[in-house]
Amino acid sequence: MSKGSRQSLVELEEGEGTVGDEEFPLGLGCALDLFREKDEVVGILKSLPDIYVDKSAAETLYEKYQRILDRYQEQPHLLDKHIEEMIEILISQVRIGSSLKYLSLKFLRQIFKVRGPKEVVKRMPHEIADLVPVLIYLESENLDDPNTWESGYVLVMWLSILVINPFNLKLLDGQQEEDNQNRDSSIAARLMNVCKKCLVLNNNIGSAAPFLVAKFLTRPDMQQIYMSDFIDWTCKNIQEKTAFGIRVGSFASLSAIFKHAKRQEILHYSEKVLKAVISSEYEKCDTVLRKAGTKLVQRIGMVFLRTKIAPWRYQRGSRSLLMNLQGNKALSQKDVEKCDTQVNGDDESVNYQEVSQYSDSIEAILDKLLESLKDKDTIVRWSAAKGIGRVTNRLPKDYADEVVENLLQSFSPRESNGAWHGGCLALAELSRRGLLLPERLESVIPVINKAMVYDEIRGNFSVGSHVRDAACYVLWAFARAFEPKVVEPYVHDIATSLIVVMLFDREINCRRAASAAFQENVGRQGNFPHGIDIVTVADYFSIGNRQNAFTTISLDIGKFKVYTIPMIDHLIALKFNHFDGSVRELAAEALGKLGQFEPDYMLTEILPKLIPLCYDLDTFTSNGALYSVGQIILKLFKINKLELTEKTLDEIRGIAHKVIERKFRGSTKGNELIRQGLCFLIMCMARAKLPLHKDDEFLTITYKFLLENIPNVDRKTKTLATDCLRHYFLEFYFKNPSRQSSISGILEQFASQLKTASMPTRQGFAFALGNFPLEILRENFQLVMEALVSCASVQTQPNTLVWAESRREAVLAINNILSDGPFTLEDDWDKGIPVQLISHKLLYECLLVGMDDYTTDKRGDIGSWVREASMLCIETLTTKLTECSPANPDQFLDSTVVTKFMGLIAKQAVEKIDNLRVRAGKIFSNLLHHQNPIIEQVPQRSQIVQIFPAEFVASANWRSTSQTFPRFVELLKFEEYTYPILSGFVVSGGSLSDRVMKDANGAVKNYIHASGAMGDAEIIRISEILLQIFRDNLKVERVTLPLMKFVTQLLQSNVLSPLLTSHVPFGVKLIDLVKSEVVNTTRIEKIIAAIDLLCELIQGPPDVVKNSLRRLMVYLCHGYPRIRSITAQKLYESIITYADDTLDVLPENLEEVMSLLSETRWDQEISTLKPHRNRICDLLDVPKPNLLKPSSS
Amino acid sequence: MVLLQILRKLKQKEKEVRILMLGLDNAGKTTIWKKFNGEDINTISPTLGFNIKSLDHNGFQLNIWDVGGQKSLRSYWRNYFESTDGLVWVVDSADKARLEDCKLELHKLLQEERLSGATLLVFANKCDLPGALSAQEIRDALNLDEIKTHHWQIVWCSARTGENLLDGIDWMITDIASRIFTLD
């Protein structure tokens, strides 16, 4: 058992009100209304005696039972009415004994778990007769056994209720052993021993034991005998560095005793135990012990101090519903007086005598608790916070105030985040109990406001969300605790703090906590400015999404003047330079948007502050400032409020200079951030039309900078640079008379970059060109298109072959440019792209090659990117071409081209990559169903439309091969599609993905099967095409390997049997192709595929069988032992399956062949095997293979 | 350990019950709410916003939320970490013209996921006004018998005199408590 299981101690001991560390799932909390499965559960419990011997049945039943009860974990009280009945059934079975006992106890444990031990234990039977058997069980069993701990746990809990039976234990001794005088074997002594035995266990039994100990020792009779000894024993344990289990058990049982015992009975041990605890140095031990120690310290404190409720505490007005409704003036008046909102600072009425009596101890206790509040573990801090709340409740006012004073010191920058968190928890605890007096708010509120934005950077992450969450808890607690008039002076501070956290916190739980606290404040205080409007827009869900909170909800709230500037200030102080890049960008966006409400403030205060930060040495600051300045000027420009002074304009203009001057070394992450920031800023400057058109210096350096970043390998930088360039050119070149003339030169330069010997450069410039608006490209349209087409084509230099990425980028660029406007027959750019400028033949040629790009590298099928891009581009080009000349459809579209690409697209729709199939399926159906005008050149269009009717297309799931394959396979019957579709199915049919493979095979099989009804012509035609595909792709493993597997599968399923007759040359041709494919290969997988295929062909006509056996005989003595064994095994299998029909061999010969195949070890030396192999050849009447080269063995 | 979990624990410990008061405008929600709080009911104007008040009753702490007649009521019950335990739906018994509206709104409301399981108490308010419908008539008009997803009850009352308010609340608390707390 792990140490961790000790933690359940916490729950058991504190029962009410403790907040443990477990995560509650966010459920509805009250979705169930009663224990509906009660009858079922009772049935299960009653059936235990029948099934307990069958372990697996018992296990299944337990799991079912567990599932049912677990549903009530959130509302366990619904079980309450039925717990007694359930316990009764189970306990009666426990009393029966045997292994049924263990099972029943295990079932009982589940009830303890779901309902909580306190509620269940009350309902356990109290009969004294059970005491001795339970005791004996605990004495005799091995309680450390991980299989039966549930039994031990339940029995310890049960015993804890049995021992409080006010029954003289000595009478039990009498029953047991009449004349036993020995004290050690009395029932009481045995109980004490069992307690100690259980206490030290490191499992759940150990965590239940303190409860038992406390109940047992607080019996008046037992207390006299054992208490003193036990306390000595435990004190010794905790002081000495004994075993972990013993120490935890000792701490826990002392805590339990101090909780359950009467004050007077335990008071005289208090100082002694406190001394032991302090000298135990628990604070230096591990979490569980620190928690246990902290708990014990507060329990001791509560024993020192008499139970009383602080008379000086703060209370909010009269709140009894009954009294209010009865409207009894006299009564309610009196009542209001009694507990009105003021503080009854009247301490004298209460006797605080013990405080002075034990002042040293109490001081020590408070010291310890305050110290534990700073612990590094949450559970310890929680325990300490509650302790402080409880103890303070019993202190006089001055003393309590000192506690608060002390607490406030935890909020110093020197203290750890744990101290801040603990401090918040304690403050919330005190205010909930009314122990934080209104006059203290003045010093508490500023501290809490600091905690609300606590964030401690640790490298590339930060800690502090728990502090912020706890600070929200404090403000939530204030809302409940104080009258509006008390909070009034701080409303603005509190509201702003909550709003900035609810909108701009990085963590969702903090945003939600702040929103909940805000709502509570609005509802209870009623004086929060615009509270209702804010609560209405910023709810639990709307602020759940960070982007929504930052950029949408923030505007709804920012429009209220009181909050605008504090929100902006918060972003400037803490968020624009946040360590998380996405927060920085969102903060910048929010700043820009909020700035629209306060243009003057942004211009006079914020911009001057941010501009110098753009070239700050801290990368986050610099990146964030660049983004923010960009956003601010852009948004101000949009509302026509960008009134920059000469000086500010000059400063903004200087940013680029200063940043670039700093020189980017290498391509480290930090550098990328600065580059990205600057690209963004320059883009905003262009979009905001800053008057820099005549500034040659600025334009030169920024142009150089942007160009430098286009081939950047970082995708984000590249994208930002490209986006920027688009706006930059438009504003500073195209619309700038002094620079307009240089555009042609620049585009030429870009086009020439597409021919460089660097892939990222090609990729980058293709991407950039694709993003240019048409108006810039106009004059040089053909030049750009030609350069892109050549970049998109596979070129002769061998190293460019694998540059699938730059080819894809070029195709996408073409697609982007073509999508930018309609095509027009006229030579007028205002009406669209003049169609005569588009060399569509060349384009189609390039795209058709792209459709066949199967480049691979270590990442896999990278050619698929090019295929996908090409398909997209074909769709764009084709639809635009048809649309531009509806009257004369054949003007630009050549039906042979359409036939080719429709086939290739259909092929992609049945290949093995999911996303590509989806894309291809959609494009195929788009082209097929294209209206206005209909693309008539699509071969067999009207028939295919029937296969893919509009209703199917509208709801098709193109990813699902079971939906699409049966339809696409129908295309096989159209000659135009047979070859491409079959090539697609071949690849899918032999692929590794089980689902795709099965669906492809199934579809083709069904097709062939169905076609058989009309004679063999169709299957022979298909088989010819199949051979053609094989022939065209010889040595292209991507096709041939799956093809062989695919054909093997078809052969196995018998659909190809019409081909295996002597007048069809299919088999012989196939064997020839297989031979050419496999010759000289070392790929085992391929050889195995060939062997499988050859073995299947043994079902064919005699010449095929002969041929196939000849090949197999070669493999029987192949250089690889594994190939030899596999050949022998497969051959054996297929002879068994097919030989009777097809082999013309004497039965006794066949017998010998079979035994040779099965009994020879085919992984031996080839020289040993050869005679066997040759014997097989003779027996089967197959010529022995001649060795053409020396054997490789 | 975050705020959400703290609130859950507190709810059980302090026996907190969250009640939402809803209804069409001018039904008398705020009057009832003020009556509960022992406040003066002579100065009531249409509520713009909402108020939360905690009241002790029979050992429970009732957090009563009075939501004004805003358009966007949803944020109030959607926002919170906790679920709503009880729903008080206030009906103006004398306003026959809007009973149909009232029915639609109520049934729409009960579809809300965040309100699933909540106990529904319908206050047929202003029963003392001449021409007011009886509780039975309102029960039929609102199609209450169709509601199977929530425990519900209709009680006639007069917010002005305070008549029957306590009975209604008592029924509601008992029903809620049997669901969400252990009754000792």
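## Contacts and basis of the model

Contact here means heavy atoms within 4.5 Å. Among contacts in chain A between residues at least 6 apart in sequence, 73% join residues at least 24 apart.

This is a predicted model, in which local features need pLDDT of at least 70 and side-chain atom pairs count only at pLDDT 80 or more, while totals for chains, interfaces and linings use all residues. Residues are numbered from 1 along each chain as its sequence is written, chains are lettered from A and ligands numbered from 1 in the order in which they are written, and side-chain values use heavy atoms, with hydrogens and water left out.

## Overall form of chain A

Chain A contains 59 helices and four strands (DSSP runs numbered from the N terminus: helices H or I of at least four residues, strands E of at least two). Its C-alpha trace spans about 110 × 100 × 60 Å along the principal axes.

Of the 1193 residues in chain A, 58% are buried (under 20% relative accessible area, with a 1.4 Å probe and protein chains only).

## Packing of helices H2 and H5

In chain A, helix H2 (residues 38–51) packs against helix H5 (residues 98–115) at an angle of about 165°, and their axes lie 10 Å apart. H2(A) and H5(A) are therefore roughly antiparallel to each other (an angle over 145 degrees, on a scale from 0 to 180 degrees between N-to-C directions of lines fitted to C-alpha atoms over the stretch in contact).

H2(A) contributes Ile44(A), Leu45(A), Leu48(A) and Pro49(A) to the contact, and H5(A) contributes Leu100(A), Leu103(A), Ser104(A) and Phe107(A).

Methods:
Angles under 35 degrees count as roughly parallel, over 145 as roughly antiparallel, 65 to 115 as roughly perpendicular and the rest as oblique. Buried means under 20% relative accessible area, exposed over 50%, partly exposed in between (1.4 Å probe, protein chains only).
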